[in-house]
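Hi,

Here is the structure I promised to pass on to you. Have a look at it first, and then read on for what turned up in it.

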Amino acid sequence: MAWWRDAVIYQVYPRSFADSDGDGVGDLPGVIERLPYLSQLGVDAIWLNPFYPSPQADAGYDVADYRDVEPLFGTLADADRLIADAHRLGLRVVVDLVPNHTSSKHPWFKRALAGDPQARARYIFRDKPNGWQSVFGGPAWTQVGDGQWYLHLFDAEQPDLDWTNPEVVAEFESILRFWLDRGVDGFRIDVAHGLRKDSSLRELPEDLDPGLPVHVAQPGHPFWDQDEVHEIWRGWRRILDTYPGDRVTVAEAWVYDFARLGLYLRPDELHTAFNFAFLVAPWDPAAFRKAVDDTIAGLTPFGAPATWVLSNHDVVRHASRYGGGETGQRRARAAALMMLALPGGAYLYQGEELGLEEVFDIPDTMRQDPNFLRTGGAERGRDGCRVPLPWSGSAPPFGFSPPGATEPTWLPQPAKWAAQTVEAEQRNPDSMLSLYRAALALRREHLGDGGLEWLDTGDDAVLCFRRTPGQVVCVVNTGAGPVPLPAGEVLLASAPVAGGMLPGEAAAWLR
């Protein structure tokens, strides 16, 4: 079986993971130093957010050079060392690729602005803009000196590429080979549902559901989930299939309709896709069950495994979404056991294994998310889930930077994180970190790719399923009061189990 079908992949946001040189920003040497921690945690692979040369207008998702490393994060030699060291520890490496747009400082776009028609044809320039709006707020078009306008579905410093241009297609296929030749094990593809736009640039239909986020595909949408995007992924798949070692792709495709999402996962296209239906589900048993059922039913016809994720660098951390404080911690512990018991793969976002919550009180003057800046603060942005990790000690920077560093961390860490450092949680057998380590070890021993069978407990607040094949049962009590557990040996529980009763807002694995 291919490794990625049931892999647990840990998301590393490099600027917030570990700082090796004391400038307050994480870097690749910092990641290298902490690889043993990830190996001991028990994950199968890491996914690195963009580390390429970039003006950092959108935290590296504005790429100026796809074949090098941003000096803020290190060097290309550091990237090579990271890949090699990870492989020696048994960890695979997945890197982020951003094909929808480049940085406005990319050489192609600089030549386009200088009047080079060949370079300008690689982007979407028009004499008149339409009414499309940026995901980050405001118009999705910016005018240049000669009067034309260019499209940017995100920040103005992220001009969209024209994927009908064969030169764009060939360039990214070359970029794939560059990193595959260096040994990466796969790619996470940013905005995988957005590369092709309706050729007429028609306006958005009036019947779009206003309750859905602007980045989610809906029927009739003119720039999300166009059928033509699948040509691109078939070309990428042909390249990956020529390399040994089960190289993998995972799509960031905000497509809630599983019949449409499954098209990205046909045998000649991408391997996996993030499961946003599960991520956005509230703390509600019916919502969780629907997300699980819809996912499995929707992806099984395509032969693709499910992926499960609770948090990432773009959403409020789930310990906060589930209520925050003691309530959020209880629910986050239970949700972790539920997610890691489901069939398929799983993604962990750095810090969730420590139970970190969203940081809501970042001063406006320190916020850097373009979503915050372009909306004048109307959208609080994503900085709150990107605060640097706490590793050790009793005060900021909590071991994130080396001893003696004088530069503050690029976003401020809450003082209360002293109780949630890696150092503190490693000493506590009841910590969130200890729970994750135990769950990952048991998952590797008892669970893998396979199926799921729901079991009826007679209580609507309780989710209970058996993994098939096998004998492991997962029970999730979303209610407030204790419930009886089925007969069996308790392998792991998110809260103390006494007298065969599972406490409220808790989960357990039984054999």
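The second largest pocket holds about 250 Å³ of space. (A pocket, on a 1 Å grid over the protein atoms alone, is an open set of points where a 1.4 Å probe fits, with protein on both sides within 12 Å along at least five of seven lines; lining residues have an atom within 4 Å of a point. Points are joined across faces, edges and corners, and a volume is the space filled by probe spheres set on them.) Its lining has 14 residues, with Leu204, Leu208, Pro213, Val214 and His221 nearest the centre.

Please keep in mind that this is a predicted model: local features need pLDDT of at least 70 and side-chain atom pairs 80 or more, while totals for chains, interfaces and linings use all residues. Residues are numbered from 1 along each chain as its sequence is written, and side-chain values use heavy atoms, leaving out hydrogens and water.

The largest pocket has about 850 Å³ of space. Among its 35 lining residues, His215, Asp314, Val315, Asn371 and Arg382 are closest to the centre.

Now for the inside. Leaving aside residues up to four places away in sequence, Trp179 touches (heavy atoms within 4.5 Å) residues including Phe51, Tyr52 and Phe187.

Enjoy exploring!
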